[in-house]
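Please take a careful look at the model below, and keep the sequence beside it as you read.

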Amino acid sequence: MTELIHDVDLADPQTFHSDLTDFWKQLREHSPVAWHPPRGDNPGFWVVSRHADIMAVYRDNVNFTSERGNLLVTLLAGGDSAAGQMLAVTDGHRHRELRKIMLRAFSPRALERIAERVRENTRRLVAEAVERGTCDFAEDIASHIPMGTIADLLGVPASDREFLLSLTKSALSSDAEDAGEVDALMARNEILLYFGDLVEQRRASPGDDVISVLACGEIDGQSLTEDEMVLNCYSLIIGGDETSRLSMIDAVRTLAGHPAQWQLLRGGDVSLGTAAEEVLRWATPAMHFGRTCLTDTEVGGVRIAAGDIVTLWHSSGNRDEAVFDDPYAFTLGRTPNKHIAFGYGPHFCLGAYLGRVEVSELLSALRTFSRGFEVAGPARRIHSNFLTGFSSLPVRFEPDPAGLARYHETRGASV
């Protein structure tokens, strides 16, 4: 298996334009904790491919840390400048306290209000697209739902959302293969500058949004610094947009190619919640996360040295034959479904509930307003070693006149 890992460069975004199914199968079977050798200026790192081993590392915040980076782009660069300030790359006491502060903005009352907006926005966008007959699903629908959700939570003005969307699409991935790290760095800096201005506004005039919660938050009697507030806004806007958007796009592309599953969904033979979990498992838009080993330890019986980089591959774990029956089948009624699309352990995704709501509402709107749909042109894949999915997906719909009529009657009655 040494030869296998030598033939694949997991740090190169181009690698993920190929089908890695056999690669991951072979690693899980023969070398589930494999050493990825150094290439060029990049140091070597461990590749963990089995579900159980991934979960074990996520649970272990004694031997592993996220404070030296949690993605290949930062781990290979030697660290993350946001460590100890941004929730995703902070551990221990400060992580727990910072998470508590941010969870105040995710109260049941706030989430209920946001979920209703997700439902209204999703139904409107899908109904309009179905009535037009064709659309670029990625651009016309999926780009607007998650961004609207997280922007509502953060209190981002409607007039700024298109600008932020363009930046988030460049921060961790790109539509173009020739886009370099400088473009991504500039996009990330633009996002940070934007939230720096918004934090100042909320400090002067707080509201009930996440930024205001951060502005009023304290850890051990000390107010959060401006850097902490800005970096956590950045983390939420990136995480809240990318995962759901790419999952939605993949859902439509996959359902178009699995007519039997679409009919089960449309006929109500599977619940929306169960179907959404399978969509998330199948899409797995965040391919990996990573940790740095703090002390000599073992993962899956393999010795890991202090200082080593350990990468956890969701794209393999969510196809693990030991956990999922027939893992390469798209099965909307799959139960149980112990996928790790939202991570696991202390760093489990803060926005998992909203991500599930967004995917469920999309599936609901599709089966209400459309009898079916097909991919109407080439889908354009994004370019990244962290995220996988599509930035363009032309779709042609067959409308459901009865569902659309009921929708318009309901809207008319509520005006």
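The residues that line the second largest pocket divide into 10 nonpolar, eight polar and five charged, where Ala, Val, Leu, Ile, Met, Phe, Trp, Tyr, Cys and Pro count as nonpolar, Asp, Glu, Lys and Arg as charged, and the others, Gly among them, as polar. The model is a predicted one, in which local features need pLDDT of at least 70 and side-chain atom pairs count only at pLDDT 80 or more, while totals for chains, interfaces and linings use all residues. Residues are numbered from 1 along each chain as its sequence is written, and side-chain values use heavy atoms, with hydrogens and water left out.

A pocket is an open set of points on a 1 Å grid over the protein atoms alone, with protein on both sides within 12 Å along at least five of seven lines, whereas a cavity is a set where a 1.4 Å probe fits but cannot get out; lining residues have an atom within 4 Å of a point. Points are joined across faces, edges and corners, and a volume is the space filled by probe spheres set on them. The second largest pocket holds about 680 Å³ of space, and of its 23 lining residues the closest to the centre are Asp19, Thr21, Arg319, Arg381 and Thr388. Helices α2 (21-30), α12 (226-256) and α14 (272-283) each supply at least two lining residues, and α12 gives the largest share, four residues. Helices (H or I, at least four residues) and strands (E, at least two) are DSSP runs numbered from the N terminus.

The largest cavity contains about 50 Å³, and its lining has four nonpolar, three polar and three charged residues, including Val57, Tyr58, Asp60 and Arg291.

Elsewhere, three strands form an open sheet in the order β4-β14-β11, with antiparallel pairing, two strands being paired if DSSP finds at least two bridges between them. The edge strands, each pairing on one side only, are β4 (134-136) and β11 (370-375), and the twist averages 30° from one strand to the next. Three bridges join β4 to β14 (residues 394-399), and proline 394 is the bridge partner of aspartate 136. Helix α6 (residues 108-132) packs on this sheet, touching β4, β11 and β14, and its direction makes about 125° with that of β4. Contact means heavy atoms within 4.5 Å, and angles run from 0 to 180 degrees between N-to-C directions of axes, which are lines fitted to C-alpha atoms, for helices over the stretch in contact.
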